Amino acid sequence: VFPSLAQAQASVANEVYRELGQPSVFLFCPTEYCSSLCSPSPSKSCYLLTLGQELLPGIGVIWTGPKVVSRELSATLLEEVEGVLRRRPVIWDNLYANDYDCRRVFLGPYTGRAPGLMPRLRGLLLNPNCELQANFIPIHTLGSWFQSELRSCAHPDHAGMESAAALGDSQGTQEGSYSPQEALELALLDWVAEINRQALEPGR
C-alpha cells in the first residue's frame, strides 16, 4: 500500500493523532532514533527526510542523540536533526539507563550535555536506572541542569556559548553555568538528609 516504511508510519501516526483530537503531547519514536542508526547520516537519511515531510507538525519526534546511549549531546547535532525532521526533537536520554545490563548502576551527576540546549529541544525524557532509589542523584542533578538552562534562556546573551571544553566536568568554568560537580555535591547533601529522615520514621 505504501512506497516506504516512513510513509506507512507517518500515515498511521497522523491518523491516530487526528483520531485523538490532536493532543498537545503526542510522541512518535522513529525506527532511526539516533545518528548511529541513520544511513548515511541524519541529514541525508531518506527515512528521516520523509518523516519530516509527512508527519503533522504537532507530532513530537523522539531522538536519543549520536547513539542509543549518548555520552554527549551537542547543539550542532540537534540543529541537524531539527533541520531534517522540520521540528525540534524530544530527547529520550538513556544516559542512566541500565535495563540492558542490570549489573551496572549509574550514580554520577547529569553531564555531557552542552549548555544552551533547551531552546533546541521540544522536551527531554530521562530513562533512569531500573533501581528506584539509585535515581536520586540522576534526577536531582537533572533538575540542577534544567534550572541552569532556564537561567540561560532568561539571559540569552549567555546562551549558546558552546565549546568542547563546555562539556563534562568543565561546564562550571563559565560563571552561572551548570557544574556537574557542584550539582553532585548538592544532590549528595539532600540524599543524606533524605536517608536520615527515612531512618527516623516509625518502624524503620
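Asp101 is buried, at 18% relative accessible area (buried means under 20%, exposed over 50%, partly exposed in between, with a 1.4 Å probe and protein chains only). Asp101 forms a salt bridge with Arg103, with the closest N and O atoms 3.0 Å apart (a salt bridge is a side-chain nitrogen of Lys or Arg within 4 Å of a carboxyl oxygen of Asp or Glu). Arg103 is exposed, at 76%. The model is predicted: local features need pLDDT of at least 70, side-chain atom pairs count only at pLDDT 80 or more, and totals for chains, interfaces and linings use all residues. Residues are numbered from 1 along each chain as its sequence is written, and side-chain values use heavy atoms, leaving out hydrogens and water.

The count of salt bridges is five. Among them, Arg120 pairs with Glu79, the closest N and O atoms being 3.2 Å apart. Arg120 lies in the loop between strand 3 (90-93) and strand 4 (123-126) and Glu79 in helix 3, so the pair ties together parts 41 residues apart in sequence (helices, H or I, of at least four residues and strands, E, of at least two are DSSP runs, numbered from the N terminus). Glu79 is partly exposed, at 44%.

Another salt bridge joins Glu201 and Arg197, at 2.8 Å from N to O. Glu201 is partly exposed, with 28% relative accessibility. Arg197 is also partly exposed, at 43%. Glu194, Arg197 and Glu201 are linked in a network of salt bridges.

Val69 lies in the loop between strand 2 (60-63) and helix 3 (75-85). Val69 is partly exposed, with a relative accessible area of 30%.
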